[in-house]
Amino acid sequence: MAIANAIRLLNDIDDNKSLRNEMYGIPSSGELFEYLKIQGYIFNYAELEEAVNLLHVKCQTLQEAQDIMHKAEMLKFLLK
């Protein structure tokens with residue numbers, strides 16, 4: 001379930017501008033994990049890594065792979 005939450009977040013980042021803006025405004029990774037938990041995205045850093053790997057393997061084009069990796073790097077930066 002946690003990996004599914006991380007996948008859902010990776011997908012929702014594109015569609016939900018207010019979510020992105022809220023995430024950018026949170027000053028620490030601990031607070032960001034807490035915010036995401038409240039929003040229903042309950043996962044840890046290792047589960048995020050697993051979600052990224054699962055999505056990356058499913059990519060059928062270079063563009064899809066680059067998009068996933070771009071979102072993953074952004075999230076990893078915010079959550080470290």
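Which backbone oxygen lies 3.1 Å from a polar atom of the side chain of Lys71? In this predicted model, the backbone oxygen is that of Leu10. The model is predicted, and local features need pLDDT of at least 70, side-chain atom pairs count only at pLDDT 80 or more, and totals for chains, interfaces and linings use all residues. Residues are numbered from 1 along each chain as its sequence is written, and side-chain values use heavy atoms, with hydrogens and water left out.

Lys71 belongs to helix α5; helices are DSSP runs (H or I, at least four residues), numbered from the N terminus. With a relative accessible area of 8%, Lys71 is buried. Here buried means under 20% relative accessible area, exposed over 50%, and partly exposed in between, with a 1.4 Å probe and protein chains only. When residues up to four places away in sequence are not counted, Lys71 touches Leu10, Asn11, Ile13 and Asp14, where contact means heavy atoms within 4.5 Å.

The axes of α1 and α4 come within 8 Å and cross at roughly 65°. Axes are lines fitted to C-alpha atoms, for helices over the stretch in contact, and angles run from 0 to 180 degrees between N-to-C directions. The two helices α1 and α4 are therefore roughly perpendicular to each other; angles of 65 to 115 degrees count as roughly perpendicular, under 35 as roughly parallel, over 145 as roughly antiparallel and the rest as oblique. On the α1 side the contact is made by Ala2, Ile3, Ala6, Ile7 and Leu10, and on the α4 side by Glu47, Leu48, Glu50, Ala51, Val52, Leu54 and Leu55. By class, this contact of α1 with α4 has 10 nonpolar, no polar and two charged residues. Ala, Val, Leu, Ile, Met, Phe, Trp, Tyr, Cys and Pro count as nonpolar, Asp, Glu, Lys and Arg as charged, and the others, Gly among them, as polar.

Helix α4 (residues 45–58) also packs with helix α5 (residues 62–79), their axes coming within 10 Å and crossing at roughly 175°. The helices α4 and α5 are therefore roughly antiparallel to each other. From α4, Tyr45, Leu48, Glu49, Val52, Leu55 and His56 make the contact, and from α5, Ala65, Ile68, Met69, Ala72, Leu75, Lys76 and Leu79. The contact of α4 with α5 comprises 10 nonpolar residues, one polar and two charged.

Between helix α2 (residues 17–24) and α3 the packing angle is about 150°, with the axes 10 Å apart. As a result, α2 and α3 are roughly antiparallel to each other. Leu19, Glu22 and Met23 of α2 contact Leu32, Tyr35 and Leu36 of α3. Five of the residues in the contact of α2 with α3 are nonpolar, none is polar and one is charged.

Glu31 lies in helix α3 (residues 29–38) and is partly exposed, with a relative accessible area of 44%. The side chains of Glu31 and Ser28 are joined by a polar contact of 3.0 Å. A polar contact is a pair of N or O atoms within 3.5 Å; within protein, one must be able to donate a hydrogen and the other to accept it, and residues adjacent in sequence count only if both atoms are side-chain atoms. Glu31 and Leu79 are 48 residues apart along the chain, and their C-alpha atoms are separated by 9.2 Å.
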